[in-house]
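Please consult the sequence and the three-dimensional view while reading.

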Amino acid sequence: MSSVAVTAQGGVVVLAVQGRLDATAGAALLAAIGQAVVGGIPRVDIDLRPVTSFTAAGADALATCRTAAADLIDGLHYCTGPGPGQDALLTAYA
């Protein structure tokens, strides 16, 4: 099971994917980034450090997030470390 925790820190919305990054988590991530963009936030950080595993559909959602956040003033940033979250990001942009 996966969830996307949403927190606001100043002018940044942090979306932390927890657990498995699959199609369901990817859809939740896209919904959360859509809300942030509509809300006029200048920057979104996607924290992939809590990811325990991923699927191709989950990795694809990461690339789609980049498109969704293309107009943010301060951009989209990914937070990763060694492990499945980093592997998902590398898969998304392979």
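The sections below treat the basis of the model, its helices and several individual residues.

## Basis of the description

The structure is a predicted model, in which local features need pLDDT of at least 70 and side-chain atom pairs count only at pLDDT 80 or more, whereas totals for chains, interfaces and linings use all residues. Residues are numbered from 1 along each chain as its sequence is written, and side-chain values use heavy atoms, with hydrogens and water left out.

Helices (H or I, at least four residues) and strands (E, at least two) are DSSP runs, numbered from the N terminus. A residue is called buried under 20% relative accessible area, exposed over 50% and partly exposed in between (1.4 Å probe, protein chains only). Contact means heavy atoms within 4.5 Å.

## Helix H1

The expected span is 1.5 Å times one less than the number of residues. Ala25, Gly26, Leu29, Ala32, Ile33 and Ala36 are the buried residues of H1. They lie on the same side of H1, because they cover an arc of only 125 degrees around the axis; the arc is that of the directions from the helix axis to the C-beta atoms. An α-helix has 3.6 residues a turn, so residues three or four places apart point the same way. On the face of H1 turned away from its buried side are the exposed residues Thr24, Gln35 and Val38.

## The ends of H1

Asp22 belongs to the loop between S2 and H1 and caps the N-terminal end of H1, with a side-chain oxygen 3.2 Å from the backbone nitrogen of Thr24. The side chain of Asp22 also reaches the backbone nitrogen of Ala25, at 3.0 Å. A polar contact is a pair of N or O atoms within 3.5 Å; within protein, one must be able to donate a hydrogen and the other to accept it, and residues adjacent in sequence count only if both atoms are side-chain atoms. Neighbours within four places in sequence aside, Asp22 is in contact with Thr55 and Gly58.

Ala23, in H1, counts as partly exposed at 48% relative accessibility. With neighbours within four places in sequence left aside, Ala23 is in contact with Thr55, Ala57 and Gly58. After H1 comes Gly40, whose phi is positive, near 80 degrees.

## Helix H2 and its surroundings

The 13 residues of H2 should span 18 Å at 1.5 Å a residue, which agrees with the 19 Å between its end C-alpha atoms. Gly58, Ala59, Ala61, Leu62 and Cys65 are buried in H2. These buried residues fall within an arc of 150 degrees seen down the axis of H2, so they line one face of the helix. Ala56, Asp60 and Thr67 are exposed residues on the face turned away from the buried side. The buried residues of H2 pack against strand S2 (12–21), H1, S3, strand S4 (51–54), strand S5 (75–79) and helix H3 (84–92).

Leu62, in H2, is buried, with a relative accessible area of 0%. Leaving aside neighbours within four places in sequence, its contacts include Leu21, Leu29, Ile46, Tyr78 and Leu89.

## Packing of H1 against H2

How do the axes of H1 and H2 cross? The axes of H1 and helix H2 (residues 56–68) come within 8 Å and cross at roughly 10 degrees. That makes H1 roughly parallel to H2, a term for angles under 35 degrees. The contact involves residues of H1 including Gly26, Leu30 and Val37, and residues of H2 including Ala61, Thr64 and Ala68. Axes are lines fitted to C-alpha atoms, for helices over the stretch in contact, and angles run from 0 to 180 degrees between N-to-C directions.

Ala68 is partly exposed, with a relative accessible area of 37%. Apart from neighbours within four places in sequence, Ala68 is in contact with Ile33 and Val37. The C-alpha atoms of Ala68 and Ile33 are separated by 7.3 Å, with the two residues 35 residues apart along the chain.

The buried residues of H3 are Gly85, Ala88, Leu89 and Ala92. They line one face of the helix, because they fall within an arc of 100 degrees seen down the axis of H3. The elements covering them include S2, S4, H2 and S5.

Asp45, in strand S3 (residues 43–47), counts as buried at 10% relative accessibility. Residues up to four places away in sequence not counted, Asp45 touches Val12, Val13, Val14, Leu15, His77 and Cys79.

Technical notes:
Angles under 35 degrees count as roughly parallel, over 145 as roughly antiparallel, 65 to 115 as roughly perpendicular and the rest as oblique.
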